[in-house]
Amino acid sequence: MSIINALNWRYATKRMDGTEVPQNKVDNILEAIRLTPSSFGLTPYSLIVVKDKKILKQINAEACQQPQLLEGSHLIIFAIWDKITEKQVDDYMALVSSTRNVPVTALGDYKKMIWGMVSSMSPADVNNWSAKQAYIALGAGIATAALEEVDATPMEGFNPAKLDQVLGLQAKGLKSTVLLMLGYRDVKNDSLVKAKKVRRAKKDFIEMI
Ligand SMILES: Cc1cc2nc3c(=O)[nH]c(=O)nc-3n(C[C@H](O)[C@H](O)[C@H](O)COP(=O)(O)O)c2cc1C
């Protein structure tokens with residue numbers, strides 16, 4: 001499928017049919033997310049993937065009362081780092097150094113630039129900035145799921161504090177920020193299966209200068 005056909009095929013699926021998404025497809029979606037660029041390349045978020053039905057049920061009961069949690073296959077949680085520490089920036093420098101075979105000492109200005117920016121922001125602004133990075137990856141995950149012909153519902157309709165509690169994310173220095181539920185559309189019960197896509201016309205959306 002071309003990317004445009006895939007993006008026309010996909011929709012935010014409200015009801016799923018319980019079919020499990022094959023592991024190779026889940027892996028491709030996760031890899032697309034991992035390969036997503038981020039500002040400075042720092043990637044200040046991690047993923048938690050839940051396929052355990054008992055935990056999905058608990059998340060549904062306590063943090064996200066949407067049916068896709070019970071009818072879908074894999075829940076991808078985009079969880080930002082609750083704060084960005086100098087050690088995390090140093091760890092990233094070490095990764096750049098070992099991956100590209102450059103001495104850490106040659107990365108001093110790069111580190112100063114990243115840490116200078118991060119350390120000058122308020123904690124709330126750091127969280128917002130991290131969430132922006134995670135949302136870029138959410139987009140890549142949505143598009144890749146469509147190419148894999150896997151349905152995917154992005155979700156903000158959940159209680160992040162409760163979800164963090166269920167999964168013990170605070171202890172891991174993480175905060176859930178947005179979700180992507182993978183599964184397969186329930187053709188009989190999803191009223192949006194045949195709904196036309198609602199988007200502003202190109203002329204109202206794009207200004208060519
Ligand atoms: C960040 C984000 C959060 C969303 N949250 C929810 C949600 O909690 N539950 C839901 O059913 N749909 C959710 N949606 C789906 C949108 O309502 C949907 O993408 C939009 O109406 C466009 O329709 P389409 O995706 O079917 O083309 C969300 C979409 C995005 C991008």
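**Helix packing and the antiparallel sheet**

Asn-28, Ile-29, Ala-32 and Ile-33 of helix α2 meet Ala-137, Ala-140, Gly-141, Thr-144 and Ala-145 of helix α7, contact being taken as C-beta atoms, placed from the backbone, within 7 Å. The residues of this contact comprise six nonpolar, three polar and no charged; here Ala, Val, Leu, Ile, Met, Phe, Trp, Tyr, Cys and Pro count as nonpolar, Asp, Glu, Lys and Arg as charged, and the others, Gly among them, as polar. The model is predicted: local features need pLDDT of at least 70, side-chain atom pairs count only at pLDDT 80 or more, and totals for chains, interfaces and linings use all residues. Residues are numbered from 1 along each chain as its sequence is written.

Helices α2 (residues 23–34) and α7 (residues 123–147) pack at about 150°, with axes 8 Å apart. Axes are lines fitted to C-alpha atoms, for helices over the stretch in contact, and angles run from 0 to 180 degrees between N-to-C directions. Helices (H or I, at least four residues) and strands (E, at least two) are DSSP runs, numbered from the N terminus. The two helices, α2 and α7, are therefore roughly antiparallel, the term for angles over 145 degrees.

Turning to the sheet, four strands form an open arrangement in the order β1-β2-β4-β3, with antiparallel pairing; pairing requires at least two DSSP bridges between two strands. At the edges, β1 (45–50) and β3 (151–155) each pair on one side only. Six bridges join β1 to β2 (residues 74–81), and Ile-48 has Ile-77 in β2 as its bridge partner. Helix α8 (residues 160–167) packs on this sheet, touching β1 and β4 (174–183), and its direction makes about 85° with that of β4.

Conventions:
Contact = placed C-beta atoms within 7 Å. Parallel < 35°, antiparallel > 145°, perpendicular 65-115°, else oblique.
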